[in-house]
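Work through the exercises below with the sequence and the model at hand. Each task is followed by a solution in steps.

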Amino acid sequence: MINDRFRCAAEDRAAQQACMGVRVGYEEIGERLMELRKIAWDRYHARALWSTPVHATYAAMRAVAGALRDYGDLEAAYLAAAILREIEARTGRAA
């Protein structure tokens with residue numbers, strides 16, 4: 001279960017798709033990535049993240065960053081860069 005502080009449009013989308021078996025997967029990605037995930041989904045879900053997995057995992061966050069770069073505006077690109085920097089800091093692997 002997710003902390004209400006990090007609940008965002010990704011969970012709402014998963015709830016809408018529950019009839020198709022969509023369940024949100026969670027990894028321990030840390031508070032900063034969860035904050036960035038919330039920002040990304042709440043600001044860009046319909047515009048840039050329409051085909052992106054809703055999971056709170058490193059793989060899904062890399063997909064979020066890619067979608068933000070491909071379909072978002074300049075602020076989305078900066079958000080994508082912040083996401084990728086945080087993933088690299090936490091995992092030691094660049095995206």
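A disulfide is taken here as a pair of cysteine sulfur atoms within 2.5 Å. The model is predicted, so local features need pLDDT of at least 70 and side-chain atom pairs count only at pLDDT 80 or more, while totals for chains, interfaces and linings use all residues. Residues are numbered from 1 along each chain as its sequence is written, and side-chain values use heavy atoms, with hydrogens and water left out.

**Exercise 1. Cysteines**

Task: State how many disulfides the structure holds, and decide whether Cys-8 and Cys-19 are buried or exposed.

Solution. 
Step 1. The count of disulfides is zero.
Step 2. Cys-8 takes part in no disulfide, and the nearest cysteine sulfur belongs to Cys-19, 19 Å away. Seen from Cys-19, the closest cysteine sulfur is that of Cys-8, and 19 Å is too far for a bond.
Step 3. For accessibility, buried means under 20% relative accessible area, exposed means over 50%, and partly exposed lies in between (1.4 Å probe, protein chains only). Cys-8 has a relative accessible area of 4% and is therefore buried. Cys-19 has 74% and is therefore exposed.

**Exercise 2. Fold and overall dimensions**

Solution. 
Step 1. Helices (H or I, at least four residues) and strands (E, at least two) are DSSP runs, numbered from the N terminus.
Step 2. The C-alpha trace spans about 35 × 25 × 20 Å along its principal axes.
Step 3. Of the 95 residues, 41% count as buried.
Step 4. A contact means heavy atoms within 4.5 Å. Among contacts in the chain with a separation of 6 or more, 65% come from residues 24 or more positions apart.

**Exercise 3. Salt bridges**

Solution. 
Step 1. The criterion is a side-chain nitrogen of Lys or Arg within 4 Å of a carboxyl oxygen of Asp or Glu.
Step 2. Arg-37 and Glu-11 form one of them, at 2.9 Å from N to O. Arg-37 is buried because its relative accessibility is 0%, and Glu-11 is buried at 5%.
Step 3. Lys-38 and Asp-42 form another, their closest N and O atoms being 2.7 Å apart. Lys-38 is partly exposed at 27%, and Asp-42 is partly exposed at 38%.
Step 4. Arg-47 and Asp-73 meet in a salt bridge at 3.7 Å, N to O. Arg-47 is partly exposed at 48%, as is Asp-73 at 36%.

**Exercise 4. Aromatic pair**

Task: Find the aromatic pair and classify its geometry as stacked, edge-to-face or tilted.

Solution. 
Step 1. Rings of Phe, Tyr and Trp (its six-membered ring) pair if their centres lie within 6.5 Å; planes under 30 degrees apart count as stacked, over 60 as edge-to-face and the rest as tilted.
Step 2. The structure holds one aromatic pair. The ring centres of Trp-50 and Tyr-71 are 5.4 Å apart and the planes stand at 55°, so the pair is tilted.
Step 3. The pair links distant parts of the chain, 21 residues apart: Trp-50 is in the loop between helix H2 (31–44) and helix H3 (58–71), and Tyr-71 is in helix H3.
Step 4. Trp-50 is partly exposed at 49% relative accessibility, and Tyr-71 is partly exposed at 44%.

**Exercise 5. A loop residue**

Task: Locate Thr-57 and list the residues that Thr-57 touches, not counting those up to four places away in sequence.

Solution. 
Step 1. Thr-57 lies in the loop between H2 and H3.
Step 2. With 14% relative accessibility, Thr-57 counts as buried.
Step 3. Not counting residues up to four places away in sequence, Thr-57 touches Gly-25, Tyr-26, Glu-27 and Ile-29.
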